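Here's a quick briefing to read with the structure open beside you. Take a moment to turn the model around before you start on the details.

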Amino acid sequence: MTDIKTACPLDCWDACSLIASVDHGKVTQVQGDAEHPVTKGTMCSRGRRLLSRTYSAQRIRTPRKRINGKWEEVSWGQAIAEISGKIEDVIRTNGHHAILHAYDWGSGTLLKNLNQRFFYQLGGCTETVGSLCWDAGLVAQNYDFGQARSHDPSDILHAQRIVVWGRNLAVTNMHMVPFIREAVAAGAEVTVINPLPTDLDAKAELVVRPKPGTDGALALGVLRICRDNGWLDDNFLHQHSIGFQTFSDYLNQFSLDFVTEETDVPREQIHRLADLYGRHRPVATLLGVGLQRYAGGGNAIRAIDALAAATGQIGISGGGVNYANRQMTEFLDEEALTGRNGANVREFFRGSQAEEIITADPQIEMMFVTRTNPVSQVPNTALLKEAYSKIPFIVVVDTMMTATAELADYFLPCTTVFEEEDISLSTMWHPYVTFANRAIDPLGEAKPDHEIFALLADRLGFGEDMRRPLDEWFELALRPLQKHQVGLQQLRQLGTVRIPLAEVPWQDKVFRTPSGRYEFTSKKAEMEGTSAYPTYIAPLESHAASKLDGRKFPYALLTVHPRLSENSQHREWPNLPHRPVAEITHAIAKETGLSTGDGAILSTPYGELAVYIKVSTGGHPFTVQLESGWWSTEATVNQLTPTTRADLGRQTAQYDVPCHVRREA
Ligand SMILES: Nc1nc2c(c(=O)[nH]1)N[C@H]1C(S)=C(S)[C@@H](COP(=O)(O)OP(=O)(O)OC[C@H]3O[C@@H](n4cnc5c(=O)[nH]c(N)nc54)[C@H](O)[C@@H]3O)O[C@H]1N2
Ligand SMILES: Nc1nc2c(c(=O)[nH]1)N[C@H]1C(S)=C(S)[C@@H](COP(=O)(O)OP(=O)(O)OC[C@H]3O[C@@H](n4cnc5c(=O)[nH]c(N)nc54)[C@H](O)[C@@H]3O)O[C@H]1N2
Ligand code: SF4
Ligand SMILES: [Mo]
């Protein structure tokens, strides 16, 4: 039995290093790595599922081609010859833009960037850009700070107050919990702001349940009270920021009456929040991703940034508005791997790719899908399926059948993390990268993505641009770290290495913005066609619809991240429910007469889905919770969601949707 150090490749805050125990060429067990400074030997069930998915009977180990509607196994030789032949045909007849590369972060390790390289070396393609995930918040923090940065995990121990604003952290970011526990033991108090109950509520002194999508109004209302009470940090405002005055005038609209009415948060709680931010320091704010998946999501993040900045919580130990850690990207040169220079690329926004495919000129003749399952994960499944049905040739690279692969012409089986060598990191939170060693040989005929694309490149005449010793790729990506004396050799030896980021971002109060100060009012935002300062944009869909149709869609539907699965990656579940479970509140149960265990139809303006009901306590009374990621051959959760865009960046607003639920006929 040998223990091999590897790492979790999933799109997660935590980026755990893992230990795979290998016996006679088989991984028998996977455990958290006790030596990792943040994840410290624990891991979640999604990470464990990496192992069960590797050996699952549902794993596809040989290339498949759909012949007369049925999947048949074919050799790699045939698959590569036919697919590369098709690529040549399409480019000759319709040009590069007729090839679509739809990709996302189903695996976030470094070498996966080589998938893009293939299409760039080919001369170009159409590719999906923007985010189903977090872009509105990233753009918001770019306007305010110049970049989204997070405090070192252990810095939270210096916080006096911790505000967990829209992050379901015990479920999605479990390694934050021990840090919070320790901070609480040292005297910190926790506040949770979330329309839905979370596991952390039990540890919180204050739990606030805003109406979904109204956090912007809440933050602006709280800031106004802080200002009116003289609780702002004048030094920060005068020395380190610009544009507060203009913004401050706008705050006058946020009277207590308006804010309570708009957010459903009681006055007393709004005052408590003002007291919390205005009269305590340091306050650490941990933002989640859910609250920016709304029509006004980006501005909501800007409003929260402004609240923390004006009350002096920025650049101090124990403070900060922690959303992401994008500084990591400067230390790992992913662009050197993708090698985009000169490629002729057309961009389709991930969220509205269906509309763009349907109206594309030139049309999409061929699609490659890597590291994503869009039929399950992109809003408005019906429209996306319609768009994909117009594409004559679809190739999916994955490990198992997915809702998307069901529509493909070719399935190319890739390896899992245990069968690959790579480097794992996350730009969501802590600054550690881990070298993932290869634990076992690829199962069956599976190949790493980069090998699949190198085979295609060989046939197309640019194999040498795709095929290099892996260490050369790693060194290329790690080049920016060399000046910090961190190299590949050290990473291989130590396994996990800290990227040299400051523990407390913005401590010198020099920001990355055009002015070098914190920008309450941003010219850049204005030039990009949006409000210069944070404004409140009410949730479009849910408000508008309930106002227009009266009671037709009276509730808000939150399709949050699943507890036990990473997005849609749960295919080998032993007892995958053949319907998802919708959690309704007692108020909704009373209105609809539904009880736990009932079969029901959940509907939105976009579609209907058969669900089972669970009645649960504690959430905002008119909110329905449904875990995203569930799919079957007939249905997905996203058939209920809209392709509406959030206000900033290129971001979907899939939580901004009203719904109705009724007993099955
Ligand atoms: N178990 C598990 N963990 C995961 C993932 C997974 O699929 N499963 N996915 C990973 C990925 S890709 C991501 S992006 C992260 C996401 O991590 P989180 O941001 O923690 O999770 P989300 O489900 O995106 O966000 C939903 C949270 O926001 C709350 N929320 C929704 N609307 C509002 C609102 O209007 N206001 C406020 N204040 N809160 C609101 C929801 O109730 C929920 O608690 O998690 C990662 N970790
Ligand atoms: N309604 C609703 N929709 C959502 C969300 C939500 O909260 N609600 N969350 C959104 C968010 S935050 C995100 S990040 C997206 C996630 O959307 P996706 O990234 O599409 O979701 P995953 O289910 O993680 O799909 C990843 C796919 O990649 C495959 N894969 C894993 N590793 C590899 C690999 O190494 N190579 C290749 N070729 N394939 C691999 C997996 O088997 C899986 O099929 O979903 C978004 N969609
Ligand atoms: S999904 Fe996140 S918490 Fe779970 S093992 Fe992977 S990195 Fe760790
Ligand atoms: Mo995500």
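Where is the place of Asn68? Asn68 sits in the loop that links β4 (64-67) to β5 (70-73). Keep in mind that this is a predicted model.

- Most residues other than glycine have a negative phi, and most peptide bonds are trans.
- Going from Arg281 to Pro282, you'll meet a cis peptide bond, with omega near 0°.
- Look for Pro282 in the loop between α11 (267-279) and β12 (283-287).
- Another cis peptide bond runs from Asp361 to Pro362, again with omega near 0°.
- Pro362 also belongs to a loop, this one between α14 (353-358) and β15 (366-370).

**Around ligand 2**
- There are 30 residues around ligand 2, and the ones that come nearest are Thr372, Asp398, Thr559, Ser568 and Asn638.
- Sort that shell by class and you get five nonpolar, 16 polar and nine charged residues.
- Asn638 uses its side chain here: one of its N or O atoms is 2.7 Å from a nitrogen atom of ligand 2.
- Thr559 uses its backbone instead, with an N or O atom 2.8 Å from a nitrogen atom of ligand 2.
- A polar backbone atom of Asn373 lies 2.9 Å from an oxygen atom of the ligand.
- How much of ligand 2 does the protein bury? On its own, ligand 2 exposes 920 Å², and the protein buries 96% of that.

**Around ligand 3**
- Ligand 3 takes up the space of the largest cavity.
- Its surroundings include four cysteines, namely Cys8, Cys12, Cys16 and Cys44.
- Leu10, Asp14, Ala15, Arg46, Gly47 and His175 surround ligand 3 as well.
- By class, this shell holds six nonpolar, two polar and two charged residues.

**The annotated stretch at 1-58**
- An unreviewed UniProt entry lists residues 1-58 as "domain: 4Fe-4S Mo/W bis-MGD-type".
- In the model, this span is 19% helix and 34% strand.

Notes: Residues are numbered from 1 along each chain as its sequence is written. Chains are lettered from A and ligands numbered from 1 in the order in which they are written. This is a predicted model: local features need pLDDT of at least 70, side-chain atom pairs count only at pLDDT 80 or more; totals for chains, interfaces and linings use all residues. Side-chain values use heavy atoms; hydrogens and water are left out. A residue is near a molecule or strand if one of its heavy atoms lies within 4 Å of it. On a 1 Å grid over the protein atoms alone, a cavity is a set of points where a 1.4 Å probe fits but cannot get out, and a pocket is an open set with protein on both sides within 12 Å along at least five of seven lines; lining residues have an atom within 4 Å of a point. A molecule sits in a cavity or pocket if more than half of its atoms lie within 2 Å of its grid points. Ala, Val, Leu, Ile, Met, Phe, Trp, Tyr, Cys and Pro count as nonpolar, Asp, Glu, Lys and Arg as charged, and the others, Gly among them, as polar. UniProt positions are given in the numbering used here, feature names are shortened, and annotations may be inferred rather than shown by experiment. Helices (H or I, at least four residues) and strands (E, at least two) are DSSP runs, numbered from the N terminus. A polar contact is a pair of N or O atoms within 3.5 Å; within protein, one must be able to donate a hydrogen and the other to accept it, and residues adjacent in sequence count only if both atoms are side-chain atoms. Accessible areas come from the Shrake-Rupley method with a 1.4 Å probe; for residues, only the protein chains shown count as cover.
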